[in-house]
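Hi,

Here is the structure I promised to pass on.

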Amino acid sequence: MIPDLDLSLLKTFAAIVDEGGLTAAGKVVGRTQPAVSHQLSRLERLVGHKLLVVGRRSLSLTHDGEILLQYARNMLRLNDEARARIAASDIEGRVIFGVPDLYASILPDILRAFGLAYPRIEIELRLTRSVHLHTALRRKEVDLALVSRLPNIDGGRFVGTMPLVWVAGIRDHPEMIDPLPIATLPTGSIGRAIVVEALENFGRAWRFVSVSDSFAGLHAAVASGLAVSVIPQCEVLPDMRVLRTRDRVPVLRPTELVIHHRSGPISPAAANFAEFIAQRLDADFRARRAPSRKAGR
């Protein structure tokens with residue numbers, strides 16, 4: 001029987017995978033490279049299996065490492081949630097939180113976990129575009145906002161990058177039409193600017209045939225076969241096809257996600273929610289970037 005697993009060893013193991021090496025992981029967990037290597041060896045002896053194959057310039061998970069990593073992430077997440085729940089039992093209040101509806105699908109798991117950890121904090125959601133949320137922040141109409149980084153606005157806490165993809169309806173092929181028909185957000189959207197920049201560099205003719213202020217409008221245009229569109233990868237629906245470069249569409253740079261809060265002091269409820277969502281998103285994005293290559297058993 002394998003002894004109880006040490007959370008500090010699991011944290012180091014996950015950091016090695018997320019950061020892609022021992023030295024970088026040491027900066028995350030606050031240990032030297034030899035100490036990180038020692039902790040990995042301890043964990044492998046504890047479970048009785050090789051977990052990682054660490055080369056000079058590469059890192060690969062073994063089959064057992066892939067299995068343990070999934071459990072390690074869940075155990076670390078539950079540990080953080082339990083600590084937050086106990087520490088925050090007396091915190092209460094109301095937080096007005098803004099987010100573009102293009103990113104709404106990343107919220108359910110986060111809101112559920114936050115509700116369990118902070119049952120006395122009420123979250124009011126405002127779904128609108130990033131440019132409108134910045135205005136709402138200036139007017140103190142929202143406490144916090146998760147937004148796309150805009151070129152003319154500094155500050156905010158960076159939490160990760162969101163891949164963008166071209167999509168079309170599953171039954172139609174508007175990508176074969178020239179000029180390329182596009183459904184887009186209004187002027188001022190960073191996603192629209194990314195599309196224009198990519199197409200101009202790619203050299204394909206295009207035209208906007210539908211402009212909508214919401215994801216629902218983009219979805220309607222795509223599902224009808226009227227146009228292609230660009231949306232966050234997390235928002236792809238079953239009635240959409242993701243287009244590739246073979247469909248004569250350019251590769252798109254991702255958007256950066258940042259958390260902003262209104263000027264002046266914010267409530268303990270808002271501060272705790274900002275920290276919670278930043279940590280959860282950071283962990284999610286790190287997990288997506290982690291290497292998936294497997295070494296032999």
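Below is what turned up, starting with how to read it.

This is a predicted model, in which local features need pLDDT of at least 70 and side-chain atom pairs count only at pLDDT 80 or more, while totals for chains, interfaces and linings use all residues. Residues are numbered from 1 along each chain as its sequence is written, and side-chain values use heavy atoms, with hydrogens and water left out.

Let's begin with helix 5, residues 107-117. (Helices are DSSP runs of H or I with at least four residues, strands are runs of E with at least two, and both are numbered from the N terminus.) Which residues of helix 5 are buried? They are Leu107, Ile110, Ala113, Phe114 and Ala117. They sit on the same side of helix 5 because they cover an arc of only 140° around the axis, the arc being that of the directions from the helix axis to the C-beta atoms. On the other side of helix 5 you'll find Asp109 and Arg112, both exposed. Here buried means under 20% relative accessible area, exposed over 50%, and partly exposed in between (1.4 Å probe, protein chains only).

Now for the backbone. Lysine 140, in the loop between helix 6 (130-138) and strand 5 (144-148), has a positive phi near 60° without being a glycine. Lysine 140 is partly exposed, at 48% relative accessible area.

Arginine 248 also isn't a glycine, and its phi is positive, near 65°. Look for arginine 248 in the loop between strand 11 (240-242) and strand 12 (255-261); with 39% relative accessible area, arginine 248 is partly exposed.

Last, check the peptide bond from aspartate 178 to proline 179: it is cis, with omega near -10°. Proline 179 lies in the loop between strand 7 (164-169) and strand 8 (180-184).

Cheers
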